[in-house]
Amino acid sequence: LLSAMAPAPRLHLSSSAARSRPHGRPLRCVSSSSSPSSPSDGPLLLRAAAGLPTERSPVWLMRQAGRYMAEFREYSNKYPFRQRSETPEIAIELSLQPYRAFKPDGVIFFSDILTPLPSMGIEFDVIKGKGPQISNPVNCIHCVEALTPIDDPASSTPFIQPILSTLRAEIDDETTLCGFIGTPWTLAAYSVEGSADRHLVKTKAMMHKEDGRKVLHALLSHYADNLVAYCIHQIDSGAQVLQLFDSWAHHLSPAQFREFSLPYAERVMAGVRAAKPDVPIIFHANGGAGKEEILFSSDLTSDVVGLDWNMNPAECRSRAGQSRVLQGNVDPMVLFGDEDTIRSEVKSCIDALTNDDGRHHILNVGHGVVQKTPEENVGLFIETCKQHVRAMA
């Protein structure tokens, strides 16, 4: 796929852009890997994710590098998705755009949850106007048996290391670098459907047939076992926090979530934790409403529980207890509102989700930033969080 694309030009930053970069350094790819910071002496979001004391709620936004930004669209209108996400100079630039503009407490690298799939033998592309398209969907046990392991992520995804290590050098310890993956369930659903499907007809049909369940569980097992190596490669390359996106959890009932998502996400987290015990893990389920009993139980072992925007913040804090770190969960559509509304929603969310000590919370939207969101409102969201500290009783 990439070989057929026109080569991306090297980026030439204007003098003003260069001055706006941390320490005025020019953009460059870093070849050596970065070691993760110890949470105790790390930046704000890293400390919050590790459950350590913080002076306020840190803030970042899912999909903060996106088409709502005019400078992002200069690239998305010119280059196809995989060229942007797999060309280090472009991916680095897109990751840094919101950081330069708004100074969030977290920088998440520009990539996609489907990025590790080709390493396992499943090809995909992201078609403008259609979304992800998988050319060889999984529909039988022979498809699963033909999948390949991720033995050497440095070779199968060679762009990851220069992207993350360069970002880590660029942001230094001023903010936290976040890596991420899709959960085995979400990747499996994409792999079976071959594209985004609002009803998951093929996957649900597979779930409700005995032979189909065997195929689905075999696929989930393969992904769970192999995503660990991809996660560890991200961490070795500089990621300080790892988020698992269960983007299609809303398609599952609580019972189905317990069978098809949770155990495989836990297998990934256990594998990462065994190799990198100091790296905090965030688990975000899109469709967490109705699954609170599971998400706030000891069955989910992530360091942070991400909340979608449908969940009641005060009830979530009550059910989660005082020691659980929660992330979220402002409705991203609030960012289309006026200044007073945005400030009020941010403050209300922080006040509801921090614990009694005003801690254990990371502010985020409860879903990704939507296209056409006013850029200045993203800045207002972040600025309001940085200025607000919950008043203690």
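This is a predicted model: local features need pLDDT of at least 70, side-chain atom pairs count only at pLDDT 80 or more; totals for chains, interfaces and linings use all residues.
Reader: What follows helix 14, and what is its phi like?
Author: Helix 14 is followed by Gly321, and the phi of Gly321 is positive, near 85 degrees. Helices here are DSSP runs of H or I with at least four residues, strands are E runs of at least two, and both are numbered from the N terminus.
Reader: OK, back to helix 14. Which of its residues are buried?
Author: Cys316, Arg317 and Ala320, in a helix that covers residues 313-320. Buried means under 20% relative accessible area and exposed means over 50%, with partly exposed in between (1.4 Å probe, protein chains only).
Reader: Why do they line one face of the helix?
Author: Looking down the axis of helix 14, its buried residues fall within an arc of 95 degrees, so they line one face. That arc is taken from the directions from the helix axis to the C-beta atoms.
Reader: And which residues are exposed on the other side?
Author: Glu315 and Ser318 are exposed there.
Reader: What do the buried ones pack against?
Author: Strand 8 (325-330) and helix 15 (339-353). Contact here means heavy atoms within 4.5 Å.
Reader: Switching topic: how many helices and strands are there in the protein?
Author: There are 16 helices and nine strands. Of the 393 residues, 58% are buried.
Reader: What about pockets, what's the volume of the largest one?
Author: About 1400 Å³. Closest to its centre, among the 44 lining residues, are Arg63, Arg67, Phe81, Asp112 and Pro132. On a 1 Å grid over the protein atoms alone, a pocket is an open set with protein on both sides within 12 Å along at least five of seven lines, a cavity is a set of points where a 1.4 Å probe fits but cannot get out, and lining residues have an atom within 4 Å of a point.
Reader: Which strand gives the most to that lining?
Author: Strand 2, with three residues.
Reader: And how many cavities of 30 Å³ or more?
Author: One. The largest cavity has a volume of about 40 Å³, and its lining includes Glu55, Ile350 and His388.

How values were computed: Residues are numbered from 1 along each chain as its sequence is written. Side-chain values use heavy atoms; hydrogens and water are left out. Grid points are joined across faces, edges and corners, and a volume is the space filled by probe spheres set on the points.
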